[in-house]
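I'm going to look up a handful of things and jot down what turns up.

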Amino acid sequence: MTGSQKNDTERQPQTDLEETKKRAYIDILNLMSLIGFLYGALDDRLDFDEALAQQLKKPAPHYRTKLETNLLACLGGMSFVLILVQILTGVLLLFYYRPTVSEAYQSVMEITGQVPFGWLIRGMHAWGASLLIVMVFLHMLRVFLTGAYKPPRELTWVSGVVLLALTLGFGFSGYLLPWNQLSYWATTVGTEGVSAIPLVGETLKYLIRGGHDVGQLALTRFFAMHVVILPGITMLFLTVHFLMIRRLGIADPL
Amino acid sequence: MEKEKTWKYGSEPFYPNHILKQLVLICILMALLVSLAAFFPPPYLPKADPYVTPEHIKPEWYFLAAYQFLKAADKLQFIGMWAPKIIGILAQGVIGLLLFFLPFIDRNPSVRPSERPYALRIGITLAILYIIFTAWGYFS
């Protein structure tokens, strides 16, 4: 600042620039103090900083070898990353998908052919589902082989099995939505399998299909399952799963 | 407050060490996902037609094992007409319940592989059976 004040008359344009810069800095500073005002008040009540610091500094254990640490310790986290990808791509698909018997197939064709990058988002959602299930299986296998489900982590395992069932439910309900030959007949055969359950099988099949055959009601039900009911329940169990992992700590490596 | 815990093979801070390593893995995972989506897009299939049954109906790969198991149970008809469906469903239900209640069934406190031979044998057998039935379903 001292330099610009000295040659005030000679460097008029420069001073203007300095002035603009100064004002911009002040604006940014004001904005930050505003955030600080809000954040500070929230932090006063809720201790964000302390909670965050505690979460961030929590140590992650090593396994016997570097390879094991990288491959075994990542499976659950990678499953979560894939769930996030499924949510993101799923919401994007939801913007264009129309869940009716007459329009579902057409809308999926539009997503693949006309919507910018629709083919990519749809491909990622379809492949993400398979990768997620592979990852969840491997995660479960790892927890089983290392005996990480043993006390005090019994309920973490139970919530994990529920999450596995939910993941399979996502796969089953999502498969019908493109409304092509494969999805229609795979769902017909799949729901037929439900009727093999003793006593309640037939009723259950009727309930899932919303009638004797797979039709509009089935599509509506599968759609509701896939985008509202299952995501809600999954969020709940994910929270429980994570809270228990945090609370009980990561199991000792073998 | 939690006590400081010492780990057998050491540990690293969650942030930034562990997070950065995970980010590398996430990048690899995303690269794999985008490559699969780009090079192997979902196949083009005709619109659903309730009046035309395709020749080969197969579920998604992760349901193939269960599907194939039900089909294999069909061969148990010599026991009685009830046998295939009941046994096919019952066995899968039992496996599901076993999985759910595993921590309460397997009360062996040791986590060392040499001290839990039965649990590991049963678990690995089930995993291999799952793979075999999936492959059987895929190639039949």
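This is a predicted model: local features need pLDDT of at least 70, side-chain atom pairs count only at pLDDT 80 or more; totals for chains, interfaces and linings use all residues.

Which residues form a nonpolar patch on the surface, and with about how much accessible area together? I get Val134(A), Leu138(A), Leu141(A) and Leu145(A) from one chain, plus Ile95(B), Tyr118(B), Ile122(B), Ile124(B), Leu126(B), Ile128(B), Leu129(B) and Ile132(B) from the other, with about 1,000 Å² of accessible area together.

**Ground rules**

Residues are numbered from 1 along each chain as its sequence is written, chains are lettered from A and ligands numbered from 1 in the order in which they are written, and side-chain values use heavy atoms, with hydrogens and water left out.

**The patch**

Patch members have over 30% relative accessible area and no salt bridge; nonpolar side chains (Val, Leu, Ile, Met, Phe, Trp, Tyr) are joined within 5 Å, and like charges within 9 Å. Areas are Shrake-Rupley with a 1.4 Å probe, and for residues only the protein chains shown count as cover.

I then checked which elements give two or more residues to this patch: they are helix H7 (118-145) of chain A and H5 of chain B. H5(B) supplies the largest share, seven residues. Helices here are DSSP runs (H or I, at least four residues; strands are E, at least two), numbered from the N terminus.

I picked Leu126(B), which is found in helix H5 of chain B. Its relative accessibility is 31%, so Leu126(B) counts as partly exposed. The classes are buried under 20% relative accessible area, exposed over 50%, and partly exposed in between (1.4 Å probe, protein chains only).

Ser140(B) is found in the segment after helix H5 (117-139) of chain B. I noted Ser140(B) as partly exposed because its relative accessibility is 45%. Leaving out residues up to four places away in sequence, Ser140(B) touches Lys58(B), Gln68(B) and Lys71(B); contact means heavy atoms within 4.5 Å. A polar atom of the Ser140(B) side chain lies 3.4 Å from the backbone oxygen of Gly137(B). I also took the C-alpha separation between Ser140(B) and Arg121(B): 28 Å, for 19 residues along the chain.

**Helix H9(A)**

Ser183(A) is found in helix H9 (residues 181-194) of chain A. With a relative accessible area of 2%, Ser183(A) is buried. Its side chain reaches the backbone oxygen of Leu176(A) at 3.5 Å. Setting aside neighbours within four places in sequence, I find Ser183(A) in contact with Tyr175(A), Leu176(A) and Pro178(A).

Trp185(A) has its place in helix H9 too, and is buried at a relative accessible area of 11%. What does Trp185(A) touch, not counting residues up to four places away in sequence? My list reads Asp49(B), Pro50(B), Val52(B), Thr53(B), Pro54(B) and Ile57(B). The C-alpha atoms of Trp185(A) and Val214(A) are separated by 8.9 Å, though they are 29 residues apart along the chain.

**Salt bridges**

How many salt bridges are there over all chains? My search of the whole structure gives nine, each a side-chain nitrogen of Lys or Arg within 4 Å of a carboxyl oxygen of Asp or Glu.

I wrote down three of them.

- Lys21(B) pairs with Glu12(B), closest N and O atoms 2.8 Å apart; Lys21(B) is partly exposed at 34%, whereas Glu12(B) is buried at 7%.
- Glu103(A) pairs with Arg98(A), with 2.9 Å between the closest N and O atoms; Glu103(A) is partly exposed at 34%, and Arg98(A) is partly exposed at 26%.
- Glu202(A) pairs with Lys205(A) at 3.8 Å between the closest N and O atoms. Both lie in helix H10 (residues 201-209) of chain A, three residues apart, about one turn of the helix. Glu202(A) is partly exposed at 48%, but Lys205(A) is buried at 13%.

**Cysteines**

I count zero disulfides over all chains, the criterion being a pair of cysteine sulfur atoms within 2.5 Å. Cys74(A) is in no disulfide, and the nearest cysteine sulfur, that of Cys27(B), is 13 Å away. Cys74(A) is buried at 7% relative accessible area, whereas Cys27(B) is exposed at 54%.

Definitions and conventions: A polar contact is a pair of N or O atoms within 3.5 Å; within protein, one must be able to donate a hydrogen and the other to accept it, and residues adjacent in sequence count only if both atoms are side-chain atoms.
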